[in-house]
Structures are given as C-alpha cells and as structure tokens.
Amino acid sequence: MDEELTRVCQVGATRSNAGFAQKRGCPEQTLTIRCGKELAIATQTAYYRGFIDLGVFFMSIPRVVAWAAEQAHGINQKVLKTLKLMVKELKGCYDSGFGVTEDFGMDNGVGQGCILSPARSKTTLNLLKRVIEQLIPGCELFGWKDTMRLVQVWFADDGSFQTNSFVALQMIYDIAWVFTKVT
C-alpha cells in the first residue's frame, strides 16, 4: 500500500514539495528560497516572500476530500478501498495532565504519525499547489538556461511563496484561505 501511495504521490506531485521525498529535503528548499532572493537583488527586481504553516493539516483533512484527491491522482481502487476500511473504526484519545481521555471517533484526518500520512497529505495539498501555480506568476529567475518561475516551495505542510508583486502574494494567501475553508 505504501508503494502505491508513493507512486501516486510522485506521479501527481509538483516539483515544489521536497517533504518526505527521497534525496530531497529542507536544505534544498532553503537554498532555492535564498537563490531567489539573491537573483532579485542582483537584477534589482521586486521580491516578495511569504510563509505558511498549515497547522494540524494532517488531522484536519476531511476524509472525503483525501479520497477524492487520491482517486484524482489515479490511486489503485483496491488500495483506496483498503484505506477506507482501515479508518472506518479509527479511535483517538488525548493524554492530558489529568490522565488519558475516553476514546472518541475520528472523522477527519489522514493520521498524523501514520506511515502513509505524508503521501496521503501530499495528494490533497497538490490541489492547492496546482491552483497557485496556474494563477500566480511568481518570480522570474534569470541567469538559468531558460527563464524559470519560482512560485512556491513546500516541505510537507509548510510553504514559502515568492513573487515580484505584493498583490500576487496576497492572492496566494487568499487562495490558501479559500482552499482550507473548502477542504
């Protein structure tokens, strides 16, 4: 099941997310953001950068949204059916300062800490990333073989956005807000 989710995640993933990917990580993302800033300084162009942390993202994804995203990414139907059966009776509890709470049903989430949650969350997050890529011009990066655009870099549910326009940066936050409200 993990192999199928990883395959689907890699096929449908945008290049911007280095979280939970082989041979990729935070240093790559940090260098990318730093290079964007340095290129803006060198070319004397406007450069606006913003950050977002989708706190409790893993546990707040409605399952119907996660399943729709996984199906849209082409996940094997047997794997999807197995995932649905696995979470059907899922229970949770809190370890508070007063002891462990009673069990309660968990209707949302892809399982924070579950070995499958990184791939499952990335398929849902890809919906947001694709909208941003299509609507936001991002920063033009010169000095590379061809002109490229840098719009966003992600590590799991933490994103950084780059653009040459403050209005475009605000649009990114508006898009992210709508995405989180819808999902």
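Colleague: Does Ala 156 count as buried or exposed?

Modeller: This is a predicted model, and the values are computed from it. Ala 156 has a relative accessibility of 8%. Buried means under 20%, so Ala 156 counts as buried.

Colleague: What is the phi of Ala 156, and where in the chain does Ala 156 lie?

Modeller: Ala 156 sits in the loop that runs from β8 (152–155) to β9 (158–163). Its phi is positive, although the residue is not glycine. The value is near 60 degrees.

Colleague: Val 56 also lies in a loop; does Val 56 count as buried or exposed?

Modeller: The loop of Val 56 is the one between β1 (48–53) and α3 (57–60). Phi of Val 56 is positive as well, near 55 degrees, again in a residue other than glycine. The relative accessibility of Val 56 is 65%. Exposed means over 50%, so Val 56 counts as exposed.

Colleague: How many helices and strands does the protein chain have, and what percentage of its residues is buried?

Modeller: The protein chain has seven helices and nine strands. It comprises 183 residues, and the buried share of them is 42%.

Colleague: Among contacts between residues at least 6 apart in sequence, what percentage joins residues at least 24 apart?

Modeller: Contact here means heavy atoms within 4.5 Å. Of the contacts in the protein chain between residues at least 6 apart, those joining residues at least 24 apart make up 70%.

Colleague: How are α4 and α5 oriented to each other?

Modeller: Helix α4 covers residues 63–72 and helix α5 covers residues 77–87; their axes come within 11 Å and cross at roughly 165 degrees. Angles over 145 degrees count as roughly antiparallel. The pair α4 and α5 is therefore roughly antiparallel.

Colleague: Which handedness does the crossing of α4 and α5 have, and how do the contact residues divide?

Modeller: The crossing of α4 and α5 is right-handed. From α4 the contact uses Arg 63, Trp 67, Glu 70 and Gln 71, and from α5 it uses Gln 77, Leu 80, Leu 83, Lys 84 and Val 87. By class, these residues are four nonpolar, two polar and three charged.

Colleague: How are α4 and α6 oriented to each other?

Modeller: Helix α6 spans residues 117–135; it packs with α4 at an angle of about 85 degrees, and the axes are 9 Å apart. Angles from 65 to 115 degrees count as roughly perpendicular. The two helices, α4 and α6, are therefore roughly perpendicular.

Colleague: Which α6 residues meet α4?

Modeller: On the α4 side, the residues are Val 65, Ala 66, Trp 67, Ala 69 and Glu 70. The contact of α4 with α6 divides into five nonpolar, two polar and two charged residues. The α6 partners are Arg 120, Thr 123, Thr 124 and Leu 127.

Colleague: What is the C-alpha to C-alpha distance from Lys 81 to Trp 67?

Modeller: Lys 81 lies in helix α5 and counts as exposed, with 58% relative accessibility. Lys 81 and Trp 67 are 14 residues apart in sequence. In space, their C-alpha atoms are separated by 9.5 Å.

Colleague: How many disulfides does the structure hold?

Modeller: Cys 26 is partly exposed at 41% relative accessible area, and Cys 93 is partly exposed at 39%. A disulfide needs two cysteine sulfur atoms within 2.5 Å. The number of disulfides in the structure is zero.

How values were computed:
Residues are numbered from 1 along each chain as its sequence is written. This is a predicted model: local features need pLDDT of at least 70, side-chain atom pairs count only at pLDDT 80 or more; totals for chains, interfaces and linings use all residues. Side-chain values use heavy atoms; hydrogens and water are left out. Axes are lines fitted to C-alpha atoms, for helices over the stretch in contact, and angles run from 0 to 180 degrees between N-to-C directions. Helices (H or I, at least four residues) and strands (E, at least two) are DSSP runs, numbered from the N terminus. Angles under 35 degrees count as roughly parallel, over 145 as roughly antiparallel, 65 to 115 as roughly perpendicular and the rest as oblique. A crossing is left-handed if the near helix is turned anticlockwise from the far one by less than a right angle, and right-handed if clockwise. Ala, Val, Leu, Ile, Met, Phe, Trp, Tyr, Cys and Pro count as nonpolar, Asp, Glu, Lys and Arg as charged, and the others, Gly among them, as polar. Buried means under 20% relative accessible area, exposed over 50%, partly exposed in between (1.4 Å probe, protein chains only).
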